Amino acid sequence: MDTQVSVLCDYAADYQGKLCVQGAFDTLFARQFPVVHPMCSLALRICLVPEDAGDHKLAISIVDENGTPIDQERMPIVGDLHVDLPEGVSFMTRNLIMNFQGLRFDKAGSYSVDVTLDGELITRTPLRLIQVPTEAPAQQA
């Protein structure tokens, strides 16, 4: 299994097998912490080969720089992934989209969206949260 795309974005959709991504980002700015990001999506595109056939567990977790999930009650988000390629097909791709609402970040710093398959990390998408000043500095004449 190969991850072709892993990106955080404002919006993602699968349109007839095409991955549509709008507003890709890796940094969020906030005036104060904690901060709640209202909505975003994780867009994944994976390439599967016959050797990937079978049942798998896919898990997604947003973690801080210490590897601690930002929401320990709800993360990791775990789902079943069944892979079964038709005979004679050498590969196929699948788009996976996870929508997040109300993500709370307690402090500025480095985060990542970690995706594991059967307990093994397959992709880590970085995310940085930066605190910005609440007021602009005074202009000098």
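Is Phe 33 buried or exposed, and what is its relative accessible area? Phe 33 is buried, with a relative accessible area of 19%; buried means under 20%, exposed over 50%, and partly exposed in between, using a 1.4 Å probe and protein chains only.

## Basis of the model

This is a predicted model, in which local features need pLDDT of at least 70 and side-chain atom pairs count only at pLDDT 80 or more, while totals for chains, interfaces and linings use all residues. Residues are numbered from 1 along each chain as its sequence is written, and side-chain values use heavy atoms, with hydrogens and water left out.

## Surroundings of Phe 33

Phe 33 sits in the loop between S3 and S4; strands are DSSP runs (E, at least two residues) numbered from the N terminus. Its C-alpha atom is separated by 7.3 Å from that of Ala 108, a residue 75 positions apart along the chain.

## The five-stranded sheet

Five strands form an open sheet in the order S3-S9-S8-S5-S6, with mixed pairing. Two strands pair if DSSP finds at least two bridges between them. The edges are held by strand S3 (27-30) and strand S6 (77-83), each with a single partner strand, so one side of each has no neighbour in the sheet. From one strand to the next the twist averages 20°, with axes taken as lines fitted to C-alpha atoms and angles running from 0 to 180 degrees between N-to-C directions.

S3 and strand S9 (residues 120-131) run parallel and are joined by four bridges. In this pairing, Ala 30 stands opposite Gln 131 in S9.

## The cavity

A search of the whole structure finds one cavity of 30 Å³ or more. A cavity is a set of points on a 1 Å grid over the protein atoms alone where a 1.4 Å probe fits but cannot get out, and lining residues have an atom within 4 Å of a point.

Residues lining the largest cavity include Leu 8, Phe 25, His 37, Cys 40 and Phe 105. Strand S4 (35-48) and strand S7 (92-105) each give two or more residues to this lining. By class, the lining has eight nonpolar, one polar and no charged residues; Ala, Val, Leu, Ile, Met, Phe, Trp, Tyr, Cys and Pro count as nonpolar, Asp, Glu, Lys and Arg as charged, and the others, Gly among them, as polar.

Definitions and conventions:
1 Å grid on protein atoms, 1.4 Å probe; cavity = no way out; pocket = protein on both sides within 12 Å on 5 of 7 lines; lining within 4 Å. Points joined across faces, edges and corners; volume = space filled by probe spheres on them.
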